[in-house]
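Welcome! Here is a short briefing to read alongside the sequence and the 3D view.

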Amino acid sequence: MNLFIASELDWAGKGLRLRQETNFPNEGSTRLHIIDAPSGGCEVALYLRCPSWAEAGDVIVKVNGKRVKASCIAGSYIEVKRTWKRGDVVTMELPMTLRIEAMPDNGQRCALLYGPIVLAIDMGAEAGRSIPTINVDKRRLVEWLIPVEGEKLTFKMMPRTGDGETLIFKPLFRINEHDYSVYFDCIPTT
């Protein structure tokens, strides 16, 4: 399983039919249902991607509600091998966290991500607004972000900018008809 998207696999050669149900990225989890299998079951290994953005120790895999002992190495796969039967359910919890990534050529120019989601500053409908400078040490920026109630994957940062405005960070893919900025300057405070 490479992608965390609602999908179905009909593996005729093995007599298996699997369905992935997920609300990713709004939720950091996915469920894989074995909806059909041969009467005696089917022994096969499932490989679940452990994404590079995941905190390796926080990824949890369960089969039929029981935790699977598995190590998650970012960018690799977790192998779950067993005889699969109709009705088996694999759940994978992928806790998403806020993190800062600096530009390779400028350590003070940053982007904010939540799990795999690139967050952008919603600049509003006003044309010509400049990219904000955030007066906070980039190592502490996530401490100043507050989830916006009722809006998935959206965060606000109370005035920490040079002009004292509240910034709204939301997924880049959800910003339409507004200017936005993915990158911003992080100026360390004293």
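In which strand is the place of Lys170? Lys170 sits in strand S15 (residues 167-171), and we will come back to this residue below. The structure is a predicted model, in which local features need pLDDT of at least 70 and side-chain atom pairs count only at pLDDT 80 or more, while totals for chains, interfaces and linings use all residues. Residues are numbered from 1 along each chain as its sequence is written, and side-chain values use heavy atoms, with hydrogens and water left out.

**The chain as a whole**

- The chain has 17 strands and zero helices; both kinds of element are DSSP runs numbered from the N terminus, with helices (H or I) needing at least four residues and strands (E) at least two.
- Of the 190 residues in the chain, 37% are buried, where buried means under 20% relative accessible area, exposed means over 50%, and partly exposed lies in between (1.4 Å probe, protein chains only).
- Among contacts in the chain with a separation of 6 or more, 61% are between residues 24 or more positions apart; a contact means heavy atoms within 4.5 Å.

**An open sheet of six strands**

- Six strands form an open sheet with antiparallel pairing, in the order S1-S2-S3-S8-S5-S6; two strands pair if DSSP finds at least two bridges between them.
- The edges are S1 and strand S6 (66-67), each of which pairs on one side only.
- S2 and strand S3 (residues 29-36) run antiparallel and share six bridges, with Glu21 standing opposite Arg31 in S3.
- A hairpin of six residues joins S2 to S3.
- On to the next pair: S3 and strand S8 (residues 89-93) are antiparallel, with five bridges, and Ser29 has Glu93 in S8 as its bridge partner.
- Strand S5 (residues 60-63) and S6 are paired in the antiparallel sense over two bridges, and Val63 has Lys66 in S6 as its bridge partner.

**Backbone details in the loops**

- Phe24 and Pro25 are joined by a cis peptide bond, with omega about 10°; Pro25 is found in the loop between S2 and S3.
- Asn64, in the loop between S5 and S6, has a phi near 50°, a positive value in a residue other than glycine.
- Asn64 is partly exposed because its relative accessible area is 39%.
- Leu153 also has a positive phi, about 60°, although it is not a glycine, and it is found in the loop between S13 and S14.
- With a relative accessible area of 8%, Leu153 is buried.

**Lys170 and its surroundings**

- Is Lys170 buried or exposed? Lys170 counts as buried because its relative accessibility is 18%.
- Lys170 and Ile121 are 49 residues apart along the chain, yet their C-alpha atoms are separated by 6.7 Å.
- Leaving aside neighbours within four places in sequence, Lys170 is in contact with Val118, Leu119, Ala120, Asp122, Leu153, Thr154 and Ile175.
- The side chains of Lys170 and Asp122 make a polar contact at 3.3 Å; a polar contact is a pair of N or O atoms within 3.5 Å, where within protein one must be able to donate a hydrogen and the other to accept it, and residues adjacent in sequence count only if both atoms are side-chain atoms.
- Thr154 lies in the loop between strand S13 (145-147) and strand S14 (155-157), and at 5% relative accessibility it counts as buried.
- Not counting residues up to four places away in sequence, Thr154 touches Ile146, Pro147, Val148, Ile168, Phe169, Lys170 and Pro171.

**The largest pocket**

- Rolling a probe the size of a water molecule over the atoms shows where empty space is left.
- A pocket is an open set of points, on a 1 Å grid over the protein atoms alone, where a 1.4 Å probe fits, with protein on both sides within 12 Å along at least five of seven lines; lining residues have an atom within 4 Å of a point.
- The largest pocket holds about 270 Å³ of space, the volume being the space filled by probe spheres set on the points, which are joined across faces, edges and corners.
- Its lining has 16 residues, and Met1, Leu9, Leu18, Gln20 and Leu32 lie nearest the centre of the pocket.
- Strand S1 (7-11), strand S2 (16-22) and strand S4 (42-50) are the elements that give two or more residues to this lining.
- The lining residues divide into 11 nonpolar, three polar and two charged; Ala, Val, Leu, Ile, Met, Phe, Trp, Tyr, Cys and Pro count as nonpolar, Asp, Glu, Lys and Arg as charged, and the others, Gly among them, as polar.
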